[in-house]
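Morning, everyone. Please have the sequence and the model open while I talk.

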Amino acid sequence: MSEKMLHWLDKQAELMPDGIAIEEPGLMSLTFKELQTASRTFARRLAGKGIGVENKVAILSDNCPEYIVAVHAISYLGAIAVLLNTRLSEAEITWQLADAKVDFVLMDEVNKGKTESHKWRSQFSNCHFGEIGPEDNAVMLKREIDLKEGFTLMYTSGTTGHPKAVLHTFGNHWWSAIGSMLNLGLTHQDKWLSVLPMFHIGGLSIYLKSVIYGMPVHMLRKFEEKAVLHAILEGGVTIMSAVTVMLRRILEELDEKSCPSSFRCMLLGGGPVPKPLLEKAKEQSIPVFQSYGMTETSSQIVTLSPADALEKLGSSGKPLFPAQLQINEPDQNGEGEIVVKGPMVVSGYYGNVEASHKAITENGWLKTGDIGRLDEGGFLFVLDRRKDLIISGGENIYPAELESVLSTHPKLREVGVVGLPDSKWGQVPAAFFVCRNESLDEQELVQFCYEKLARFKRPKYFFEVKELPRNASGKLLRSKLVEIAHEMSRKKR
Ligand code: ATP
Ligand code: MG
């Protein structure tokens with residue numbers, strides 16, 4: 001069986017030449033035909049710089065249409081697009097460029113400055129999107145996509161340690177898009193709002209779905225709750241991908257208003273979601289679909305279907321159509337490591353055989369490092385990362401559960417929980433909290449925990465902070481919290 005298909009952008013440009021591919025409110029819009037032309041032109045320009053099959057072209061840019069044009073252009077050359085996180089430090093970027101063996105770097109205006117003092121400036125050629133130079137008209141652009149071939153390389157968020165390089169094939173992206181559609185369905189009215197960073201899988205995958213589905217993307221460069229609500233209320237957006245912090249800010253902005261019925265899905269993923277937030281979303285008719293996935297699974301691999309969204313609040317749902325999921329070595333409560341398999345799951349980490357062997361079994365099962373359980377109906381409940389599990393006096397405590405309970409306190413805006421070493425219990429939970437408006441007496445929190453949490457789960461330490469440390473995808477960096485705890489207790493002494 002051939003695993004080749006006509007290049008997906010050429011196919012969509014043939015099927016829906018005038019269909020909108022990307023729109024940026026008040027600024028621009030591109031039809032599939034225009035996106036195809038721009039991408040092919042850009043590909044010829046890259047070829048003019050000597051880029052060809054299997055070269056690695058890094059992109060260091062904030063969200064913009066040129067980003068997507070560049071990604072498609074790279075695919076026309078059979079090269080690999082390396083998507084770099086713009087919020088990394090220079091040292092981290094330098095490391096990733098070397099690790100990914102990048103040949104060429106594309107930048108936008110904002111991030112261009114970051115390269116000036118870079119050591120890699122002399123080692124790699126680089127240029128700004130707009131300065132790429134003349135086209136090579138002799139280059140043969142790829143007519144077909146081979147599902148087995150590599151297409152994008154991006155690093156995991158680095159929440160638990162050093163980021164790992166994930167190389168997605170065209171097939172991984174294809175099956176991710178198909179699996180999502182088989183669950184969410186697709187209508188001619190659908191328009192997906194994109195606001196997540198394009199250098200993360202949740203952001204990029206929207207634009208690949210767009211080309212595969214023939215669906216417009218409503219692009220916002222940055223998250224701003226007013227603009228998001230405007231897009232939902234006035235811009236005809238029907239689906240959006242979001243992370244927890246975004247949902248919280250949207251709910252605050254929405255106030256007592258509710259969403260129009262045309263907005264049919266907020267795909268929420270990337271991290272744990274406190275239950276009270278899900279309940280509030282339900283009250284205000286925001287159709288939240290919780291999902292679970294990671295860079296290695298090319299975006300969501302488990303999603304709650306619309307039919308079960310209300311009944312299974314707090315669950316991430318069932319594995320998408322071609323995916324499988326199991327709980328490895330479950331304990332007496334059925335809790336254990338989540339392992340997944342399917343055509344959207346990558347086969348290893350780029351250039352890191354050791355990490356690949358550690359994470360992926362011979363039969364293609366990916367050990368996610370997350371703990372979960374399945375209920376009697378086969379619905380997944382993600383509990384937490386294995387690395388963050390707190391074991392106190394032999395009892396398992398999941399920081400995400402404590403965060404969820406504590407965040408119901410009306411005076412608290414957000415909460416982060418970690419385990420700290422303790423001579424008696426091994427580890428004890430410590431809670432970091434951000435207040436809403438009025439500050440909070442620690443005794444009040446102690447009392448609150450007394451009422452809401454079993455004794456062994458109650459945090460032994462409370463630290464008030466101005467904000468919680470998060471990475472570029474808005475994820476809580478619990479390892480930073482441990483550092484802050486040490487710092488704060490040193491100061492107290
Ligand atoms: P690194 O692998 O470098 O430590 P990371 O795991 O945060 O970083 P990503 O691939 O961006 O990198 O994130 C995937 C992780 O996000 C999952 O493994 C899981 O821990 C967490 N996650 C995703 N969805 C959910 C969810 N619905 N509930 C709880 N956690 C989730
Ligand atoms: Mg991970």
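This is a predicted model: local features need pLDDT of at least 70, side-chain atom pairs count only at pLDDT 80 or more; totals for chains, interfaces and linings use all residues.

Domains, then. The chain is divided into domain 1, residues 4-315, and domain 2, residues 389-492. Their C-alpha centres lie 33 Å apart. How many residues are in contact between domain 1 and domain 2? On the domain 1 side it is 18, and on the domain 2 side it is 16. Together the two domains bury about 1,200 Å² between them. Carbon and sulfur atoms give 51% of that area. Look at T159, R248 and P276. These three supply 33% of the area that domain 1 buries against domain 2, more than any other three residues. There are also three salt bridges between the domains. And here is a salt bridge to find on screen: the side chains of E252 and R436, at 3.4 Å from N to O.

Now the sheet. Four strands form an open sheet, in the order β18-β19-β20-β21, with antiparallel pairing. β18 and β21 stand at the edges with a single partner strand each, so one side of each has no neighbour in the sheet. From one strand to the next, the twist averages 45°. As background, strands of a sheet pair through backbone hydrogen bonds, either parallel or antiparallel.

Let's follow β19, residues 336-341. Five bridges join β18 to β19. Q324 stands opposite K341 there, and N328 has E337 as its bridge partner. Four bridges join β19 to β20. On that side, V340 stands opposite L366. Is β19 mostly enclosed or open? Five of its six residues are buried, so the rest of the structure largely encloses β19.

On to a helix. α12 covers residues 399-406. Six of its eight residues are buried, so α12 too is largely enclosed by the rest of the structure. The buried ones are P399, A400, L402, E403, S404 and L406. Keep E403 in mind. E403 belongs to a network of salt bridges with D384, D388 and R478.

Next, a loop residue. G158 sits between β9 and β10. G158 counts as partly exposed, because its relative accessibility is 23%. Leaving out residues up to four places away in sequence, G158 touches P163 and L477. G158 and D136 are 22 residues apart along the chain, yet their C-alpha atoms are separated by 38 Å.

Last topic: salt bridges. The count comes to 22.

Start with R40 and D10, whose side chains meet at 3.2 Å, N to O. R40 lies in helix α2 and D10 in helix α1, so the pair ties together parts that are 30 residues apart in sequence. R40 is partly exposed at 25%, while D10 is buried at 12%.

Then E24 and R221, at 2.5 Å, N to O. E24 is in strand β2 and R221 is in the loop between β12 and α8, so this pair ties together parts 197 residues apart in sequence. E24 is buried at 5%. R221 is partly exposed at 41%.

Finally, K460 and D422, with their closest N and O atoms 2.9 Å apart. K460 lies in the loop between α13 and β26, and D422 in strand β24, so the pair ties together parts 38 residues apart in sequence. K460 is partly exposed, at 45%. D422 is buried, at 11%.

That's my tour. Over to you.

Terms used:
Residues are numbered from 1 along each chain as its sequence is written. Chains are lettered from A and ligands numbered from 1 in the order in which they are written. Side-chain values use heavy atoms; hydrogens and water are left out. Buried means under 20% relative accessible area, exposed over 50%, partly exposed in between (1.4 Å probe, protein chains only). Helices (H or I, at least four residues) and strands (E, at least two) are DSSP runs, numbered from the N terminus. Two strands pair if DSSP finds at least two bridges between them. Axes are lines fitted to C-alpha atoms, for helices over the stretch in contact, and angles run from 0 to 180 degrees between N-to-C directions. Domain bounds come from an automatic or database domain assignment. Contact means heavy atoms within 4.5 Å. Buried area is the accessible area (1.4 Å probe) that two parts lose on being put together, summed over both. A salt bridge is a side-chain nitrogen of Lys or Arg within 4 Å of a carboxyl oxygen of Asp or Glu.
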